[in-house]
Amino acid sequence: EKVEITKEQRALIKAILAAYDRHQIPQDVTKKLLQEQYSAEENFLLLTEVATSQVQVLVEFTKNIPGFLSLDREDQIALLKGSAVEAMFLRSAQVLSKKMPSGHTEVLEERIRKSGMSEEFMTPMFNFYKSIGELHMTQEEQALLTTITILTPDRPYVKSHEAVERLQETMLNVLRKLCVLQHPQEPQYFARLGRLTELRTLHHYHAEMLTSWKTNDHKFTPLLCEIWDVQ
Ligand SMILES: CC(C)c1onc(-c2c(Cl)cccc2Cl)c1COc1ccc(-c2ccc3[nH]c(C(=O)O)cc3c2)cc1
């Protein structure tokens, strides 16, 4: 049967896409990726600065997700803490798969590879980046996928599971229709997006990455310590 996007769904896509495009890391932060010299310490410091800036941008974006601010306040925090790493994988993947004109793809990749992270995380991380790049997601799909990742009900400490599930379901319905309309030649495209749940395993790797950085006495910013429960 014909897939129709309703007026409300179109308004939802417009609001989420506008918020996603509006919330970018400031140029003076990302420009540093080009300027500072390369050493494991310098790369780690830069990535920490960019990640901190990205978390601030993520909080602003999340506040513009229709319905998010009407969720229980503690649940809003639990959703942000639970999804930050995955949302940042998605955003940095966009940069590394040359989806962003301003993206400093090469230098970002170089700095991630040489930031003192142990080899065992490098392979799964860059495989994930490669699989994201191969999906050639549109901007709307990126924005909706980030929204759906943030609205994952089964994060630790989420109390009103159903309220979050209802919001996520609304967004999933829109994304499902968009995928059919924007990738007609690939009927199982939406299912491929769903396979990004490998994001969760990366979340697991990331927790170990943080521990290995910490044991080598790497410092994080207060915001990252708060959102990732480190220190
Ligand atoms: C705290 C630091 C060391 C860190 O710990 N884990 C990760 C970490 C890692 Cl490596 C991988 C994946 C997720 C995390 Cl969360 C990071 C670095 O995280 C980020 C790296 C890059 C970006 C990012 C986002 C948007 C951008 N736009 C541009 C631009 O040039 O326009 C550059 C850019 C960079 C965001 C987070």
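Predicted model: local features only at pLDDT ≥ 70, side-chain atom pairs only at ≥ 80, totals over all residues.
**Entry 1: His136.** I located His136 in the loop between helix H6 (119-135) and H7. Its phi is near 45 degrees, a positive value in a residue other than glycine.

**Entry 2: Tyr157.** I next examined the loop between H7 and helix H8 (161-182), where Tyr157 lies. Tyr157 is not a glycine, yet I noted a positive phi of about 70 degrees. With a relative accessible area of 74%, Tyr157 is exposed.

**Entry 3: H1 against H7.** I then asked at what angle the axes of H1 and H7 cross. The axes of helix H1 (residues 7-22) and helix H7 (residues 139-150) cross at roughly 90 degrees and come within 9 Å. The two helices are therefore roughly perpendicular to each other. On the H1 side, I listed Ile13, Ile16, Leu17, Tyr20 and Asp21 as making the contact. On the H7 side, the contact is made by Gln139, Glu140, Gln142, Ala143, Leu144, Thr146 and Thr147. Sorted by class, the contact of H1 with H7 has six nonpolar, four polar and two charged residues.

**Entry 4: Cysteines.** I searched for disulfides, taking sulfur atoms within 2.5 Å as the cut-off, and the count came to zero. I also checked the accessibility of Cys179 and Cys225: Cys179 counts as buried at 2% relative accessibility, and Cys225 is buried with a relative accessible area of 14%.

**Entry 5: Confidence.** I recorded a mean pLDDT of 91 for the protein, with 98% of its residues at 70 or more. For the complex, the predictor gives an ipTM of 0.97 and a pTM of 0.94.

Key. Residues numbered from 1 in each chain as written. Heavy atoms only, no water. Axes fitted to C-alpha atoms, helices over the stretch in contact; angles between N-to-C directions. Helix = DSSP H or I, 4+ residues; strand = E, 2+ residues; numbered from the N terminus. Parallel < 35°, antiparallel > 145°, perpendicular 65-115°, else oblique. Contact = heavy atoms within 4.5 Å. Nonpolar A, V, L, I, M, F, W, Y, C, P; charged D, E, K, R; others polar. Buried < 20%, exposed > 50% of the residue type's maximum accessible area, 1.4 Å probe, protein only. pLDDT = per-residue confidence, 0-100.
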